[in-house]
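Please look over the sequence and the model first, and then read the notes below.

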Amino acid sequence: MGEAYCQLATIKSIQVDDADQESVQTSRGMELGLKFDVEARKKLRLYVVK
């Protein structure tokens, strides 16, 4: 695949400080662990699709 492409993905789990979370309130600079139902590439950009 090329440099840029779009791919639908579902977040399967969220982690903060190695602990699973149902939901989170984020702040600038906060790190999250996200697991998707598909393989994610480096420098991923997330967009909400409703």
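Leaving aside neighbours within four places in sequence, which residues is V24 in contact with? V24 is in contact with I14, V16 and L32. The model is a predicted one, and the points below set this residue in the context of the protein chain.

**Overall architecture**
- The protein chain contains three strands and zero helices, and its pattern along the sequence reads β-β-β.
- The radius of gyration is 12 Å, well over the 10 Å that the globule rule gives for 50 residues, so the protein chain is more spread out than a compact globule.
- The C-alpha trace spans about 35 × 25 × 20 Å along its principal axes.
- Of the contacts in the protein chain with a separation of 6 or more, 46% are accounted for by residues 24 or more positions apart.

**Surface and charge**
- Of the 50 residues in the protein chain, 6% are buried.
- The protein chain exposes about 5,300 Å², of which carbon and sulfur atoms supply 48%.
- There are 8 positive and 8 negative side chains, and the centres of these two sets lie 9 Å apart.

- V24 belongs to the loop between β2 (19-21) and β3 (33-36).
- With a relative accessible area of 28%, V24 is partly exposed, because this value falls between the 20% and 50% cut-offs.
- One of the contacts of V24 is I14; the two residues are ten apart in sequence, and their C-alpha atoms are 8.2 Å apart in space.

**Residues with a positive phi**
- Most residues other than glycine have a negative phi.
- D17 is not a glycine, yet has a positive phi of about 50°.
- D17 is located in the loop between β1 (11-16) and β2, and it counts as exposed at 73% relative accessibility.
- K43, also not a glycine, has a positive phi of about 60°.
- The position of K43 is in the segment after β3, where K43 counts as exposed at 82% relative accessibility.

**The segment after β3**
- L46 is found in the segment after β3.
- At 51% relative accessibility, L46 counts as exposed, because the cut-off for that class is over 50%.
- Not counting residues up to four places away in sequence, L46 touches L34 and F36.
- L46 and Y5 are 41 residues apart in sequence, while their C-alpha atoms are 12 Å apart in space.
- K50 also lies in the segment after β3 and counts as exposed, at 95% relative accessibility.
- K50 and E3 are separated by 47 residues in sequence and by 25 Å in space, C-alpha to C-alpha.

**Confidence of the prediction**
- The mean pLDDT of the protein chain is 89, and 96% of its residues reach 70 or more.
- Confidence is highest in β2, at a mean of 96, and lowest in β3, at 94.
- Where pLDDT is low, the predicted coordinates should not be read in detail.

Notes:
Residues numbered from 1 in each chain as written. Predicted model: local features only at pLDDT ≥ 70, side-chain atom pairs only at ≥ 80, totals over all residues. Heavy atoms only, no water. Helix = DSSP H or I, 4+ residues; strand = E, 2+ residues; numbered from the N terminus. Rg over C-alpha atoms; globule rule 2.2 N^0.38 Å. Buried < 20%, exposed > 50% of the residue type's maximum accessible area, 1.4 Å probe, protein only. Contact = heavy atoms within 4.5 Å. Areas by Shrake-Rupley, 256 points an atom, 1.4 Å probe, with all protein chains shown as cover. Lys, Arg positive; Asp, Glu negative; His and termini not counted. Charge placed at Lys NZ, Arg CZ, Asp CG, Glu CD. pLDDT = per-residue confidence, 0-100.
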